Amino acid sequence: EDIDSAVNDAIELIKKLRSFGSESKNVVESFNVKKGLEQFARLVQPVVGKDIKIVVSEVNPGISINVDKAEFDNSLLNLVINAKDASDVGSSVFIDVEIVSNPNVGLLKDQQYARVRVSDQGSGMDEILIEKAFEPFFTTKDRSRGSGLGLSSVFGFAHANSGHCTIESTVGTGTAVSIYLPLDTKVIPLKVPGASTEGKTGSGLVLVVDDEARVRKITCRDL
């Protein structure tokens, strides 16, 4: 299972790099949100560093959506970076998902949606800033730290996939950005890991050192 997870992360990273280099086209596909967020957190936590912790709440394993995963991850990354920049060192950025039926939001239809929410406990925004937040090139950051296109691209992604995006914020308390995306009613079966093969055991002492937890786990298991 750990080997499969590491390989899948590597494949996903290559896709993102190719997408950044415009070598691949958008691929709309159905994917499991729980597994997708777990993978996202593993890939992004080293990027945001140790000053901010990404906390993914327990996600219903039956939730799936039908979007381009690279664009989905890029939207989440924009929200996580915004949350990081608005938060103090040692804070957490929270990601949670829930199924919402017939939400009275924007022009959404009467159907089920997956609401993916990224929230922080940072500086927050007043009503004037909230009204301007989705405008292209609008930013409260120094120009060297942001282009003002992050939230507008998230808003565009949501609407391009028949969804919507909202902001809730209170000055001094924090901000929560929610992306509503149509729920994929097709159930994607979760892979059941096969039984691992136990290796031979010895009586010696081996020191295993690696900065990747899964590599350490796999190596220790096989020794």
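Predicted model: local features only at pLDDT ≥ 70, side-chain atom pairs only at ≥ 80, totals over all residues.
Two packed helices are described by the angle between their axes and the distance between the axes. Helix 3 spans residues 69-86, and helix 5 spans residues 150-160. Their axes come within 9 Å and cross at roughly 145°. The crossing is left-handed. Helix 3 contributes E71, F72, S75, N78, L79 and N82 to the contact. Helix 5 contributes G150, L151, S153, V154 and F157. By type, five of these contact residues are nonpolar, five are polar and one is charged.

The model contains five salt bridges. One of them pairs E58 with K34, with the closest N and O atoms 3.1 Å apart. This pair links distant parts of the chain, 24 residues apart. E58 sits in the loop between strand 2 (53-56) and strand 3 (64-68), while K34 belongs to helix 2 (residues 33-48). E58 is exposed, at 64% relative accessibility. K34 is buried, because its relative accessible area of 19% is under 20%.

D96 of strand 4 (residues 92-101) and R117 of strand 5 (residues 112-119) are 21 residues apart. Their side chains meet at 3.2 Å, N to O. D96 is buried at 14%, whereas R117 is partly exposed at 23%. E98 and R115 form another salt bridge, with the closest N and O atoms 2.3 Å apart. E98 lies in strand 4 and R115 in strand 5, so this pair ties together parts 17 residues apart in sequence. E98 is partly exposed at 34%, and R115 is buried at 12%.

Finally, shared partners join K34, E38 and E58 into one salt-bridge network.

How values were computed: Residues numbered from 1 in each chain as written. Heavy atoms only, no water. Axes fitted to C-alpha atoms, helices over the stretch in contact; angles between N-to-C directions. Helix = DSSP H or I, 4+ residues; strand = E, 2+ residues; numbered from the N terminus. Left-handed = near helix turned anticlockwise from the far one by under 90°. Contact = heavy atoms within 4.5 Å. Nonpolar A, V, L, I, M, F, W, Y, C, P; charged D, E, K, R; others polar. Salt bridge = Lys/Arg side-chain N within 4 Å of Asp/Glu carboxyl O. Buried < 20%, exposed > 50% of the residue type's maximum accessible area, 1.4 Å probe, protein only.
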